[in-house]
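Hi everyone, thanks for coming. Let's have the model up on the screen and walk through a few parts of it together.

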Amino acid sequence: MALALLAACVFAATGTAAAETGMERIRRTGELLWGGDLQGGEPFVFEDAQRPGKLAGFEVEIAAAVARDLGARARFVQNDWSTLVPSLERGTFDVAMNGLEVTAALARRVHFSRPYYVFAERLTARVAATGLSDLASLRGRRVGTLASSLAWELLGGVGADRVPYEGVEEPYMDLEQGRIEAVLLDDIIASRYGRRPGLVTIGDLGQGRYAIGVKWAEDDLWRAVDGALARMIASGELRGILARWHIDGARQAALAAPVDASVTARSTSGGINGHVMGENRHETDGFYLGIRPDHVLLFVRAAGITLLIAAAAMLLAMSWGLLLAVVRMPSRRRWRRLLSLLATAYVELFRGTPVLLQLYVLYFALAPVLALPAWAAAVLGLGLNYAAYEAEVYRGGIAAVPRGQIEAAAALGMSEGLALRRVVLPQALRFSLPGVANDFIALLKDTSLVSAITVVELTKRMTIVAVDSGGWLAPGLLCAALYFAMSYPLSRLARRIEQRLGAGA
Amino acid sequence: MSGIVVEGLSKAFAGRALFEGVSLAVRGGEAVVVMGPSGTGKTTLLRCCNGLERADRGTVAVGDVLLAAGDSPERFATAALAMRARVGFVFQAFNLFSHRTVLENVMEGPVQVRREAEATARVRAQALLEQVGVAHRAAAYPRDLSGGEQQRVAIARALAMQPEVLLLDEPTSALDPARVQSLADLLRGLAGGGLALLAVSHDEGFAVAVGGRVIRMAGSG
């Protein structure tokens with residue numbers, strides 16, 4: 001029944017899409033939906049601080065001009081930068097425009113218009129850094145950039161230790177803190193966010209182009225958008241917009257040059273603007289539904305990282321949670337009651353706020369005083385958060401220990417502490433085991449959140465591969481299979497231990 | 001041995017007197033059964049004797065250890081610990097440690113509280129289990145034992161602390177009548193060894209079988 005319903009939905013969705021071309025849709029709605037990410041910030045597209053709720057940025061103006069040319073109004077659709085292309089493909093918006101870099105891999109998936117900006121890949125490092133000059137010098141170095149960007153591919157090609165970020169300010173913050181050795185990002189980003197006291201520009205390591213992405217299927221829309229840009233370039237309107245945002249320069253003269261066919265054709269050759277692309281491998285044999293054999297190895301390694309972080313965080317959560325639970329046990333002593341109050345406040349605070357927020361605070365907000373490495377912040381963040389849950393599980397376990405057991409310990413002359421250690425906790429932990437096992441499985445999956453602080457674990461690996469290769473199904477299934485392969489044995493193991501302990505409880 | 005001396009013990013609960021001005025003494029080698037209908041505070045009286053509960057007035061003395069209702073909380077707690085080192089308690093529900101075997105239950109007090117060497121404690125525990133007749137269940141867990149077996153393990157656990165006084169709360173409530181006699185025999189034997197036995201019960205047959213003094217509590221409500 002549900003399946004039939006789903007099939008009907010899919011049919012209805014594809015049905016309308018097939019009935020209407022891109023331009024017909026835009027004429028009908030009078031709107032050109034364009035996707036971008038506000039987190040990319042100034043000067044691309046951002047919320048105007050002077051006029052809350054209003055957008056500003058050079059791309060906002062280009063979008064408005066293109067839409068005008070199409071006889072429509074531009075409407076912005078917020079979307080994570082790293083998934084702009086998949087969202088375009090599934091029809092969340094008509095065009096993608098947000099510093100979308102023309103790469104061979106992406107050109108196979110989206111139909112690029114002619115470029116509207118020529119950017120340089122700018123390398124930034126700390127003032128004291130040595131030995132950094134060109135791409136080759138980055139081999140083995142920890143270099144931050146945006147995942148799935150041209151820089152990401154360039155860095156992969158020279159064997160750099162890539163650190164993926166979601167936002168544009170965070171890489172430079174981490175560079176300042178010494179968490180990474182260099183940042184390779186577009187010159188616009190570098191000049192806005194990389195200008196920090198301890199940082200220095202090493203140089204521009206190549207050029208790339210921003211273009212508007214359109215679905216390959218919507219040829220009429222592509223023609224209209226590309227035509228609009230051509231007219232804006234010819235009339236000087238485009239350079240005018242760039243100049244207003246102080247990003248015009250000699251490099252932009254290339255915009256007027258004849259369009260490079262390899263950019264706009266569905267080409268499989270790798271070279272763009274004289275670069276030999278770092279990764280030309282998407283076209284090789286053995287490419288199956290977006291997964292190649294060496295992807296599997298990457299996935300398994302990422303699964304190892306996931307498991308390691310989960311195990312370390314759980315160890316922390318269990319011991320810290322136990323301490324919290326013991327401190328929260330009722331007592332007549334004043335200082336114990338005060339401690340108990342503090343522990344309760346801790347539990348409520350950490351349970352009552354999102355773990356993602358806690359990770360951000362630990363990694364970014366705390367960085368000026370305590371620059372934790374990403375993996376340490378991940379383990380600490382998840383561990384401190386789950387400790388609040390474990391404390392509650394243990395509290396329940398302690399409450400479940402029959403009063404008679406505690407009285408029997410007292411009658412034998414045991415002190416409170418001894419009774420706790422020998423009688424209450426051993427029994428309470430048995431009662432807690434199912435809850436703890438349950439939380440561990442939940443934690444295993446919550447590790448996906450630590451990608452927000454640059455740790456490439458299993459889910460992040462999956463999104464990177466999926467965005468690179470254009471297939472979500474195979475990477476998604478492989479990712480799910482790996483999670484399941486880790487969590488299922490865990491739940492079986494917990495069940496076995498429970499049964500064995502049950503014999504004595 | 002000195003036995004236990006209770007003087008002027010009173011306890012009220014929710015504004016109602018459970019018992020008032022109870023005085024009694026049990027000498028070493030003597031077995032005393034406190035009888036009375038339920039609700040007369042027999043169990044509470046027993047629990048006041050080792051400080052599991054605190055009386056409103058009165059004192060309990062075993063040798064030079066004095067548990068006084070009027071003590072400060074800290075003093076009372078200290079005295080209760082000292083009292084429990086000399087007074088064993090067998091609960092009505094036995095309260096054996098459910099996560100430990102029979103043998104471990106009996107060894108727990110000597111090893112953890114008295115810091116006895118484990119090997120010595122094991123030998124003594126085995127001997128005690130032998131004495132109360134459940135040596136064959138040494139490796140079993142409490143939940144696999146019958147009520148009668150659990151009671152004997154509870155007695156052995158209390159005896160392992162080498163107390164001067166043994167308190168028993170309703171010892172026959174979980175036993176079928178045929179077993180009452182054998183329990184009484186065991187307790188008589190323990191008293192014969194110099195122990196002071198104080199049991200509360202509403203079982204006339206048990207009181208007769210133990211053969212000691214019987215004290216009757218009247219309902220005060």
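Here is a question to begin with: which residue in β4(A) is the bridge partner of A:Gly36? While you look, some housekeeping: this is a predicted model, so local features need pLDDT of at least 70, side-chain atom pairs count only at pLDDT 80 or more, and totals for chains, interfaces and linings use all residues. Residues are numbered from 1 along each chain as its sequence is written, while chains are lettered from A and ligands numbered from 1 in the order in which they are written.

Now the answer: A:Gly36 has A:Gln78 in β4(A) as its bridge partner. Strand β1 of chain A, residues 31-36, pairs with β4(A) in the parallel sense, over 6 bridges. When I say strand, I mean a DSSP run of E with at least two residues; a helix is a run of H or I with at least four, and both are numbered from the N terminus. Two strands pair if DSSP finds at least two bridges between them.

Let's zoom out to the sheet. In chain A, 8 strands make an open sheet with mixed pairing, in the order β4-β1-β5-β10-β6-β9-β7-β8. The edge strands are β4 (73-78) and β8 (161-165) of chain A, and each pairs on one side only. Helix α6 of chain A, residues 150-157, lies across β6 (110-126), β7 (142-146), β8, β9 (182-186) and β10 (199-215) of chain A, and runs at about 150° to β7(A). Angles here run from 0 to 180 degrees between N-to-C directions, using axes fitted to C-alpha atoms, for helices over the stretch in contact.

What about chain A overall? Chain A has 19 helices and 10 strands. Of its 505 residues, 43% count as buried. A residue is buried if 20 or more other C-beta atoms lie within 10 Å of its own, exposed if 12 or fewer, and partly exposed in between, with C-beta atoms placed from the backbone. Among the contacts in chain A with a separation of 6 or more, 73% come from residues 24 or more positions apart. A contact means that the C-beta atoms of two residues, placed from the backbone, lie within 7 Å.

Next, a helix pair in chain A. Helix α14 (residues 355-365) and helix α15 (residues 374-400) of chain A pack at about 140°, with axes 9 Å apart. That angle makes α14(A) oblique to α15(A); under 35 degrees would be roughly parallel, over 145 roughly antiparallel, 65 to 115 roughly perpendicular, and the rest is oblique. On the α14(A) side you'll find A:Leu359 and A:Leu362, among others, and they meet a set in α15(A) including A:Leu380 and A:Leu384. By class, the residues of this contact are 9 nonpolar, 3 polar and no charged. For those classes, Ala, Val, Leu, Ile, Met, Phe, Trp, Tyr, Cys and Pro count as nonpolar, Asp, Glu, Lys and Arg as charged, and the others, Gly among them, as polar.

Over to chain B. Where do the two chains meet? 18 residues of chain B are in contact with 18 residues of chain A. On the chain B side, α2 (73-84) and α3 (102-113) each supply at least two residues, and α3(B) gives the largest share, 4 residues. The chain B side divides into 10 nonpolar, 6 polar and 2 charged residues.

Chain B has a helix pair to show you as well. Helix α4 (residues 118-132) and helix α5 (residues 147-159) of chain B pack at about 135°, with axes 9 Å apart. That makes α4(B) oblique to α5(B). In this contact, B:Leu128, B:Leu129 and B:Val132 of α4(B) meet B:Arg152, B:Ile155, B:Ala156 and B:Leu159 of α5(B), giving 6 nonpolar, no polar and 1 charged residues.

There is a sheet in chain B too: 5 strands form an open, parallel sheet in the order β6-β7-β8-β3-β9. Its edge strands are β6 (87-90) and β9 (213-216) of chain B. Strand β3 of chain B, residues 31-35, pairs with β9(B) in the parallel sense over 4 bridges, and B:Met35 has B:Arg216 as its bridge partner in β9(B).

Last stop, a backbone detail. B:Ala14 is not a glycine, but its phi is positive, near 50°. B:Ala14 sits in the loop between β1 (4-13) and β2 (16-26) of chain B, and counts as exposed because it has 5 C-beta neighbours inside 10 Å.
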